[in-house]
Amino acid sequence: MSTAGTRRDVAPTDYNFRFRDCFLGAQMLFVAFGALVLVPILTGLDSNVALFTAGIGTLLFQICTRGKVPIFLASSFAFIAPIIYGVQTWGVAQTLGGLVCSGAVYFLLSGLIRWRGTEVVMRVLPPIVTGPVIMVIGLILAPVAVNMALGKTGDGSASLVPENIALWISMTSLAVTVLVSLLGRGFLRLMPILCGIAAGFVLSQVMGVTDWSKVAVTPWLRMPSFTFPEFSWAPALFIMPITLAPAIEHFGDIIAISSVTGRDYLKDPGVHVTMFGDGLATMTAGFLGGPPCTTYSEVTGAVTLTRAFNPAIMTWAALCSILLSFVAKLGAVLATIPVPVMGGIMILLFGAIMVVGLNTMVRAGKDLMEPRNMIIVALVIIFGVGGMQFSIGSFKLGGIGLAAVTGVLLNLLLPRSRA
């Protein structure tokens, strides 16, 4: 059987920048849009800056990987809790400094992989460590989601919307997100968050909860409000361990896009190169005031659906994101989204993060009742969720950072079972 015909049937995976792909690139951005702007809305960062850094981060990733991998990078959910805590504790500038340092963790992992291969990373960060750490990220945010769904601030200290109205809005957002996830077809199924936000926003408008005063006075076009970092040891050491969770997810995303396109990106350009590109995007985002970047599974789903394997399509998505970042009205509209709308989305979102962590351990086939595994999982989750803190002078380690460090140390120090 001749292979010539087979090759013609396979979608091209080589970089080919064409003007006709600009609309397909805009479509990819639309798929990522809901999740992209959700992180800055929840953490208080600027949505327009997040759009700008997502575009710049994707372009930097493509330069590092020589335009070989059709992936879009944007705001990472894993950093929502540490950003919220960091802003409350040290302020925005020092928190951004910690986020810049988190990009350096990717560089260290990239160098380690290049030197020793992926096996050494999987030995230090096996599923029995990364699974419970990911669970902690979801569980530690649960009170924030519930408070916002009830119309309160994230910490529950103040009521912004009457509780009965807030519940109608938040549960509508939640229900629409769930229904689109389960029943949606085609591209609609790739945008459940965007659909849920739209439904809650419309209901908020009907109930008179939205406030359009800031939108009216905001100009159409304006430079994004960049914020620059300040560096301090405490926020850096708090945030850096959290990078381990999205770094492990990076492996999964590269494997996923490899299986979709039929090309082994773990070998060419190499996962150490993709990891370096992810770190460079994250570091650049922190320098400009945006949330850390990560590879987006939603866009990989859209690539699967459209069979659009040309990496240049992601260049168009990045350029569209950069252009949108200068539309100040867009950021003002996003800022008017009422708290209950985001609360309803967050209940599902943070629960899903917890389930991803649980599934990580299940897929690894680990016996959680085996004493060593039980000790690691138990201490990681209780330390992370329970509020345990260790202090050395002015430095404090707690929450997700403590959970990650605890898991790594226990995995390295505890004796393994003889079986």
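Me: Which residue forms a salt bridge with arginine 263?

Reply: Start with the general idea: side chains of opposite charge can pair when their charged atoms come close. In this predicted model, the partner of arginine 263 is aspartate 14, and their closest N and O atoms are 3.1 Å apart.

Me: Where do arginine 263 and aspartate 14 lie along the chain?

Reply: Arginine 263 lies in the loop between α13 (244–261) and α14 (266–288), while aspartate 14 lies in the loop between α1 (4–9) and α2 (22–43).

Me: Is aspartate 14 buried or exposed?

Reply: Read the relative accessible area: under 20% is buried, over 50% is exposed, and in between is partly exposed. Aspartate 14 has 54%, so aspartate 14 counts as exposed. Arginine 263 has 25%, which makes arginine 263 partly exposed.

Me: How many salt bridges are there by this rule?

Reply: The count comes to 4 salt bridges. One of them joins arginine 18 and aspartate 21, again with the closest N and O atoms 3.1 Å apart. Look at the cover here too: arginine 18 is partly exposed at 25% relative accessibility, whereas aspartate 21 is buried at 7%.

Me: What does lysine 68 form a salt bridge with?

Reply: Lysine 68 pairs with aspartate 268, and the closest N and O atoms are 2.7 Å apart. Lysine 68 sits in the loop between α3 (47–64) and β1 (73–75) and aspartate 268 sits in helix α14, so the pair ties together parts that are 200 residues apart in sequence. Lysine 68 is buried, with a relative accessible area of 18%, and aspartate 268 is partly exposed at 32%. Salt bridges can also share partners: Arg66, Lys68 and Asp268 are joined into one network that way.

Me: How many positive and negative side chains does the chain have?

Reply: There are 24 positive and 17 negative side chains.

Me: What share of the contacts comes from residues 24 or more positions apart?

Reply: Take the contacts with a separation of 6 or more: residues 24 or more positions apart account for 82% of them. As for burial, 54% of the 419 residues count as buried. The chain exposes about 18400 Å², and carbon and sulfur atoms supply 68% of that area.

Me: How far apart are glutamine 205 and proline 415?

Reply: Check sequence and space separately. Glutamine 205 and proline 415 are 210 residues apart in sequence, and 59 Å apart in space from C-alpha to C-alpha.

Technical notes. Residues numbered from 1 in each chain as written. Predicted model: local features only at pLDDT ≥ 70, side-chain atom pairs only at ≥ 80, totals over all residues. Heavy atoms only, no water. Buried < 20%, exposed > 50% of the residue type's maximum accessible area, 1.4 Å probe, protein only. Contact = heavy atoms within 4.5 Å. Areas by Shrake-Rupley, 256 points an atom, 1.4 Å probe, with all protein chains shown as cover. Lys, Arg positive; Asp, Glu negative; His and termini not counted. Charge placed at Lys NZ, Arg CZ, Asp CG, Glu CD. Salt bridge = Lys/Arg side-chain N within 4 Å of Asp/Glu carboxyl O. Helix = DSSP H or I, 4+ residues; strand = E, 2+ residues; numbered from the N terminus.
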